[in-house]
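Here is a briefing on one protein model. Look over the sequence and the structure first, then read on.

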Amino acid sequence: MRIAVAGATGNIGTLAVAALAEAGHDVVRISRSLGVDVSTGDGLDAALTGVDAVIDVMNFTATDRDEAVECFGTATRNLLAAEVRAGVRHHVLLSIAGLERVEGNAHYAGKREQERLVAEGPVPWTIVPATQFHDFAAMVTSWTEQDGAATIAPLLVQPIAPADVAAVLAEIATGAARGRYRDVAGPEPQDLVDMARRTNEARGRSVKLVPTWSSLFGPEMAGEVLLPGEGARVMPTTFDEWLAKR
């Protein structure tokens with residue numbers, strides 16, 4: 001198959017491209033750095049010529065709710081419109097498990113708009129909700145670290161290896177549209193603060209961690225809010241296994 005990956009140079013995008021190529025598919029990489037801008041639509045029609053399916057793993061960084069909704073919404077509309085023109089038969093969207101349970105987070109608001117547009121759109125679709133990735137704790141502390149200390153919310157998560165997420169997306173893209181897929185998660189719950197501590201130790205870094213709720217991750221994300229729902233597809237790679245390879 002000829003399969004396009006939107007967000008191809010990002011964390012999950014790079015792995016999805018590799019998984020598809022290894023399986024023998026013709027992969028089209030879509031990224032602004034590669035000359036295709038989904039936010040404006042520039043280069044999309046040419047990139048999607050002859051494409052059977054699209055995997056959307058695009059990401060936008062926005063702390064303002066309206067900005068996040070606008071970024072995700074504009075890019076998704078442009079992508080879906082180009083897919084219609086190209087005759088794409090399957091749109092696969094990577095989303096977040098528990099998205100509907102968190103109201104105060106700007107990023108989640110943008111992803112909800114993205115889901116809405118895909119579900120109401122003209123291209124047959126599959127939405128794949130995944131839990132946070134194994135590198136999520138390190139990413140959060142990189143945002144907040146200052147003078148050797150970093151704040152981090154005490155979230156309960158069930159993290160998944162990025163390569164496992166990419167494998168699921170590549171598998172689903174080669175089949176028929178499934179609508180909303182079941183949650184995809186790693187094998188065991190983890191405390192985000194402990195994940196950050198262990199990641200720093202593995203990298204030989206000394207960072208003081210300050211557990212606290214912040215504007216990014218408020219108390220509405222406490223408890224089991226971020227855990228996968230019933231009947232989730234549990235992937236095999238544990239956090240310890242992933243960390244040992246870093």
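Which backbone nitrogen does the side chain of Asp56 reach? The side chain of Asp56 reaches the backbone nitrogen of Met58, at 3.0 Å. The model is predicted, so local features need pLDDT of at least 70 and side-chain atom pairs count only at pLDDT 80 or more, while totals for chains, interfaces and linings use all residues. Residues are numbered from 1 along each chain as its sequence is written, and side-chain values use heavy atoms, with hydrogens and water left out.

**Overall build**

- The protein has 8 helices and 12 strands. Helices (H or I, at least four residues) and strands (E, at least two) are DSSP runs, numbered from the N terminus.
- The radius of gyration is 18 Å, close to the 18 Å that the globule rule gives for 246 residues, so the protein is as compact as a globular protein of that length. This radius is taken over C-alpha atoms, and the globule rule is 2.2 Å times the number of residues to the power 0.38.
- Along its principal axes, the C-alpha trace spans about 50 × 40 × 35 Å.
- Of the 246 residues, 51% count as buried. Buried means under 20% relative accessible area, exposed means over 50%, and partly exposed lies in between (1.4 Å probe, protein chains only).
- The accessible surface comes to about 10800 Å², and 50% of it belongs to carbon and sulfur atoms. Accessible areas come from the Shrake-Rupley method with a 1.4 Å probe; for residues, only the protein chains shown count as cover.
- Among contacts with a separation of 6 or more, 80% come from residues 24 or more positions apart. Contact means heavy atoms within 4.5 Å.

**Asp56 in strand S3**

- Asp56 is found in strand S3. Asp56 is buried, with a relative accessible area of 0%.
- The side chains of Asp56 and Gln114 are joined by a polar contact of 3.1 Å. A polar contact is a pair of N or O atoms within 3.5 Å; within protein, one must be able to donate a hydrogen and the other to accept it, and residues adjacent in sequence count only if both atoms are side-chain atoms.
- Leaving aside neighbours within four places in sequence, Asp56 is in contact with Ala6, Leu79, His91, Val92, Leu93, Leu94 and Gln114.
- Ala4 is 52 residues from Asp56 along the chain, yet their C-alpha atoms are separated by 8.4 Å.

**Helix H1**

- Helix H1 (residues 11-22) has 12 residues and should span 16 Å at 1.5 Å a residue; its end C-alpha atoms are 17 Å apart, which agrees. The expected span is 1.5 Å times one less than the number of residues.
- Ile12, Gly13, Ala16, Val17 and Leu20 are buried in H1. They cover an arc of only 135° around the axis, which puts them on the same side of H1. The arc is that of the directions from the helix axis to the C-beta atoms.
- An α-helix has 3.6 residues a turn, so residues three or four places apart point the same way.
- The buried residues of H1 pack against strands S1 (2-6), S2 (26-30), S3 (53-56) and S4 (90-96), and against helix H6 (162-173).
- Gly24 follows H1, and its phi is positive, near 95°.

**Helix H4**

- Helix H4 (residues 106-120) has 15 residues and reaches 21 Å from its first C-alpha to its last, close to the 21 Å expected.
- Asn105 caps the N-terminal end of H4, with a side-chain oxygen 3.0 Å from the backbone nitrogen of His107.
- The buried residues of H4 include Ala106, Tyr108, Gln114 and Val118.
- Cover for the buried residues of H4 includes S3, helix H3 (65-86), S4, strand S5 (125-130) and strand S8 (179-180).

- Phe136, Ala137, Ala138, Val140 and Thr141 are buried in H5. The buried residues of H5 pack against S6, helix H7 (192-202) and S11.
- Asp147 lies in the loop between helix H5 (136-144) and strand S6 (149-152). Asp147 is exposed, with a relative accessible area of 77%.
- Phi of Asp147 is positive, near 55°, in a residue other than glycine.

**Two buried loop residues**

- Pro228 sits in the loop between strand S11 (208-211) and S12, and counts as buried at 18% relative accessibility.
- Pro228 and Asp183 are 45 residues apart in sequence and 5.8 Å apart in space, C-alpha to C-alpha.
- Thr238 is in the loop between strand S12 (233-234) and helix H8 (239-244). Thr238 is buried, with a relative accessible area of 16%.
- Not counting residues up to four places away in sequence, Thr238 touches His134, Pro187 and Glu188.
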